[in-house]
Amino acid sequence: MDITHIATTLTTWWWLLLCLIFLFYIGLDGADLGAGIFALFSPDEEERGAIMASMAGIWDGNETWLVVAGGVLFGAFPLVYGSAFNYLMIPLMLALWGIISRAVAFEFHVHATGSKRFWGWAFAFGSLLAPFGAGLALGATLQGFPMHAGPAMAVHSPGLFVDSPVPHFSGTALTFLTPFSLFTGFGAVVAACLAGGLYLCARFEPGDVINKKAQTWTTFFSYLALMTIVVAIVWSYAIFPWAAAKWTGPNWWNWALVLVIVLFAAYKSMMAHTMQRDFTALLWGEGVVAILWFAMWATMYPYIVPDTWTISAAANPADSIAVFTLFMTGFVPVMIMYNWYQIWVFRGRYTKKASYMGH
Amino acid sequence: MLMENTLPILLSRLDFAWITSMHILWTPLTIGVSWILFGLEVAWLRSGDERWYRLEGFFEKIFIVNFGAGVATGVTMEMAFGILYGPFSQAAGPFFGNILGFETITAFMYEAGFIGLMVFGWNKIGKGMHLFSTFNVAFASSLSAYWILVANSWMQTPNGVVLKDGIFQVTNWWHAIFNDNAIWGFPHMWVATMILGFFVLAAVSAWYILKNRHADLFIKMLKPAVLALLIVTPIQIWLGDSLGVDVAHSEPTSLAAMEGHYHTYLPDGKPNTGWHLIAFPNAKNDGNVFAITIPHVLSLLETHTWDGTVTGMDSFPAKDRPDVWVPFYAFRIMVAIGFFLFFMALWGTLLMMRGKFTVQGLRQRPWFLRLMVLSGFLPYLAIWTGWWTREVGRQPWVVYNIMRTYEGVSHMGVGQEIAWFAGYIVFELSVWAGAWYFFSKVIRKGPDLDSPLPGTTSDADNAVEAGGGMARPSFAKPALHSEP
């Protein structure tokens, strides 16, 4: 096997790991964010406080998967990292502002007296802004972006890199903004709302006021989410030739099967939810997210960014990807292990009266 | 004018400088204090003295607010390289991106995996597991600092790489990771975090003694803090000097800017050995309009000889010279603070030797306590000025002597850059104001001396039952705790 072949294989592995890490982020923090959006409609600070307390010990670990995804993207695919994030400046900025306000609200809300209400809102609005920004970024990524080699800034000065063959993002600040990306922003919020609802049902005791409200909330958002999924699939089919070519290509039955499995998992989740088997409903719901996410990545293959970066074009030099693999792969299961342990320690149901104890 | 000082490039630098300065407000305290908390926990477990636990519990409240602010501002940092410096990220990715990846995987996530256990796990996990968690938080945050410093130092001394097809390819990982600047740069930064941690805790303790609240408890903290500072502050001065000597060799333009050193040789041909206490660089950046100069000191500092040659700005073309104002004054502020903090540690130790380091004795010396409170703020300023010296001194390069800053800037308009700047001013200032407000609130409220010690409650509600959604209520707590 020659070195290029090994490098391509390793790069593909990192592409799969990246997919998995993004999924962890969406699956874990999505629920936290959705619970935050639920808190937008909370009548009092005690309820918002209880929702925050229910995730006090785990939200940081969950959110950190996003940072890990950023780090893996930078480490394994710097060419994509440096051009896609440039393109996604505004949506990422919005998501990051949301993340900032909810991260500090977690720590401030519990200590606040006069400003409790303010930090409660900062938590809830931050939780809304973050998935909206992330959803915008996702839709924009699916659309691809323009690139060209040469100086990224319109300046005329000599330099080693001005004539470099590396292509940079070359669009404008608002290239990302289309009806489709706005729709995926909305879709991400709906998905988060559903995940948050399922989480709150499983997290709070049956009969508790938060649990009761979350039951209705979840029912509503499960129907809305189903509609959103259908619209997203039809819309993508219409505007993305790379997706259409796969879905109705010679292997169409694979994709049809995936769709059937998604619908089955969604049905199981809704049934479990109706029977108030909340934790089972949450797991099936996460299953829907996972299958859709894998299907999306499979549809994009061999692209990382459709019509923009293929996995092999974006690959790091063989030597760097080898070092990254050698030193980092072993840590992925370790990370999963201690993240899981932390969630395990803080498992169990809460009541609205629960809050940070004396913290 | 230097390309790097034209508006679009200057704004991109400001955008990045702002978020970095606002992030470095939090993480050094997390790193320093996490080790001190670990020390307090060990002291408690070994001695059984409840007061160590009370101190740990109290400082942990400040720690977690600080940690939250660090995370809030830190997620942006991980994305900001690609957003604001895309072409730099692409070119430097094979090394720089790897290191940032190492950081998130081995350190950031490692820390996040244990922080919840450390802060909220007191009654949920055993004492041994808790101590292990505290240690892991401390170790992981230091490891994080290590990788970040490796990455930043490599931008100062880009060893172990070649440029090929417009990207940096690593030829020697060993040289790239242990690059010249990292060897002194990391210890210098890490010791700074310890100094910050000790001085912040010492300042809080001094404040309590000054106010005569829980004075007996907090003098128990102040004493070891002062003793530890007597050791680390002189070490820091030595590390700083060593880093300076290294910079003089490996990054001469940066050193020349730090010292306002324009002329390598005097008009009579002898080496220019003068060190400026104060200098006003001229507009053309090729000399000082005014300076107060002490001969020989510069050579002593940078070459450790009486009249060794120190390369001045005139050895480099005008387009390769950094701005002098920021590095020159920022550097002097940092050094002055370093010596002042050493003086405070000495003063405290002398009081101890004379047997005056008691609540009574210290309260008779309110100026010592007041200056100790002030010393809790000074390390922040020293860290800021030190980092500004480093970053502005490297200009006009983003990767020293290879990639110019303007070549690394993302494709973006001035409007975007201003939107970023304006938004982050609002968000980061809110974080800053909020965090410091809640620090003061926690401090004014005082330590909790009444709650039962961990491991002594037999509260059935706390018992962890079988997991998942089928678990019985395991966290039924009384209503929101009362506010003061």
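This tour moves through the structure one selection at a time.

The model is predicted: local features require a pLDDT of at least 70, side-chain atom pairs count only at pLDDT 80 or more, and totals for chains, interfaces and linings use all residues. Residues are numbered from 1 along each chain as its sequence is written, while chains are lettered from A and ligands numbered from 1 in the order in which they are written.

**Confidence**

Chain B averages 88, and 94% of its residues score at least 70. Next, select residues 458-484 of chain B, where the pLDDT is below 50. Where pLDDT is low, the predicted coordinates should not be read in detail. For the model, ipTM is 0.90 and pTM is 0.90.

**Where the chains touch**

Display both chains. Here 89 residues of chain B are in contact with 85 residues of chain A; two residues are in contact if their C-beta atoms, placed from the backbone, lie within 7 Å. Select helix 4 of chain B, which supplies the largest share of the side of chain B that touches chain A, 25 residues. Helices (H or I, at least four residues) and strands (E, at least two) are DSSP runs, numbered from the N terminus.

**Helix 5 of chain A**

Select residues 89-111 of chain A, which form helix 5. Of its 23 residues, 22 are buried, so the helix is largely enclosed by the rest of the structure. A residue is buried if 20 or more other C-beta atoms lie within 10 Å of its own, with C-beta atoms placed from the backbone. At A:Ala105, helix 5 of chain A bends by about 40°, the angle between axes fitted to the seven residues ending there and the seven starting there.

**A hairpin in chain B**

Now select residues 275-281 of chain B, strand 3, which runs antiparallel to strand 4 of chain B and is joined to it by 6 bridges. Two strands pair if DSSP finds at least two bridges between them. B:Trp275 stands opposite B:Ile294 in strand 4 of chain B. The two strands form a hairpin with 6 residues between them, and B:Asn285 in the turn has a positive phi of about 60°. Is strand 4 (residues 288-294) of chain B well covered or hardly covered? Strand 4 of chain B is hardly covered, with 0 buried residues among its 7.

**Helix 11 of chain B**

Finally, select residues 325-353 of chain B, helix 11. Its buried residues include B:Phe328, B:Phe331 and B:Met334. The partners against which the buried residues of helix 11 pack include strand 3 of chain B. Just after helix 11, B:Gly355 takes a positive phi of about 70°.

Key: pLDDT = per-residue confidence, 0-100. Expected span 1.5 Å × (residues − 1). Buried ≥ 20, exposed ≤ 12 C-beta atoms within 10 Å, placed from the backbone.
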